[in-house]
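User: I have a chain to go through before setting up a run. Can you take my questions as they come?
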Amino acid sequence: DYTGKWIRRRFGLKFSELLQQERCRVAADYLIHTNLPVEEIIRMTGYSNGSFFRQIFQKYYHEQPLEYRRKNKPSH
């Protein structure tokens, strides 16, 4: 597949890895800028399996979503 090869050359990642990374980035943004429940954020970022999402999020951010929110959400 041309697109998959282009993504690997351009970003050094498989398409699925790039997609996971982007979904986690979007989820992290929701976590610190909204009060949406984690389950809703999981659904909004395209995951149907919350456990799988948490595992992937842990891989990129080295903490669980609620820990990430607690540590990074701006206090007003």
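User: Start with Arg8: buried, partly exposed or exposed?
Analyst: This is a predicted model. In it, Arg8 has 44% relative accessibility, so it counts as partly exposed.

User: Which element is Arg8 in?
Analyst: Arg8 lies in helix H1, which covers residues 2-11.

User: And what is Arg8 in contact with, leaving aside neighbours within four places in sequence?
Analyst: Leu13 and Lys14.

User: OK, overall layout. How many helices and strands?
Analyst: Five helices and zero strands. From the N terminus, the order reads α-α-α-α-α.

User: What does the C-alpha trace span?
Analyst: About 45 × 25 × 20 Å along the principal axes.

User: What share of the residues is buried?
Analyst: Of the 76 residues in the chain, 26% are buried. The accessible surface comes to about 5,400 Å², and carbon and sulfur atoms hold 52% of that.

User: What about contacts with a separation of 6 or more: what percentage comes from residues 24 or more positions apart?
Analyst: That share is 48%.

User: Switching to charges. How many salt bridges are there?
Analyst: The count is four. One of them pairs Glu22 with Arg25, with the closest N and O atoms 2.6 Å apart.

User: Where do Glu22 and Arg25 sit relative to each other?
Analyst: Both are in helix H2, residues 15-33. They are three residues apart there, so about one helical turn separates them.

User: How accessible is that pair?
Analyst: Glu22 has a relative accessible area of 37%, which makes it partly exposed. Arg25 is at 43%, so it also falls in the partly exposed class.

User: Which residue does Glu39 bridge to?
Analyst: Arg54, with 2.9 Å between the closest N and O atoms. This pair links distant parts of the chain: Glu39 belongs to helix H3 (residues 38-44) and Arg54 to helix H4 (residues 50-61), 15 residues apart.

User: And the accessibility of those two?
Analyst: Glu39 is partly exposed at 48% relative accessible area. Arg54 is partly exposed as well, at 26%.

User: What about Lys71, which side chain does it meet in a salt bridge?
Analyst: Glu63, at 3.1 Å from N to O.

User: Is Glu63 buried or exposed?
Analyst: Glu63 has 12% relative accessibility, and the cut-off for buried is under 20%, so Glu63 counts as buried.

User: How many positive and negative charges does the chain have, and how far apart are their mean positions?
Analyst: There are 14 positive and 8 negative charges, and their mean positions are 4 Å apart.

User: Last topic, nonpolar surface. Which residues does the patch with about 360 Å² of accessible area consist of?
Analyst: Tyr2, Trp6 and Phe11 form that patch, and the area given is for the three together.

User: Where is Phe11, and how accessible is it?
Analyst: Phe11 is in helix H1. Its relative accessibility is 42%, so Phe11 counts as partly exposed.

How values were computed:
Residues numbered from 1 in each chain as written. Predicted model: local features only at pLDDT ≥ 70, side-chain atom pairs only at ≥ 80, totals over all residues. Heavy atoms only, no water. Helix = DSSP H or I, 4+ residues; strand = E, 2+ residues; numbered from the N terminus. Buried < 20%, exposed > 50% of the residue type's maximum accessible area, 1.4 Å probe, protein only. Contact = heavy atoms within 4.5 Å. Patch = residues over 30% accessible without salt bridge, like charges linked within 9 Å, V, L, I, M, F, W, Y side chains within 5 Å. Areas by Shrake-Rupley, 256 points an atom, 1.4 Å probe, with all protein chains shown as cover. Lys, Arg positive; Asp, Glu negative; His and termini not counted. Charge placed at Lys NZ, Arg CZ, Asp CG, Glu CD.
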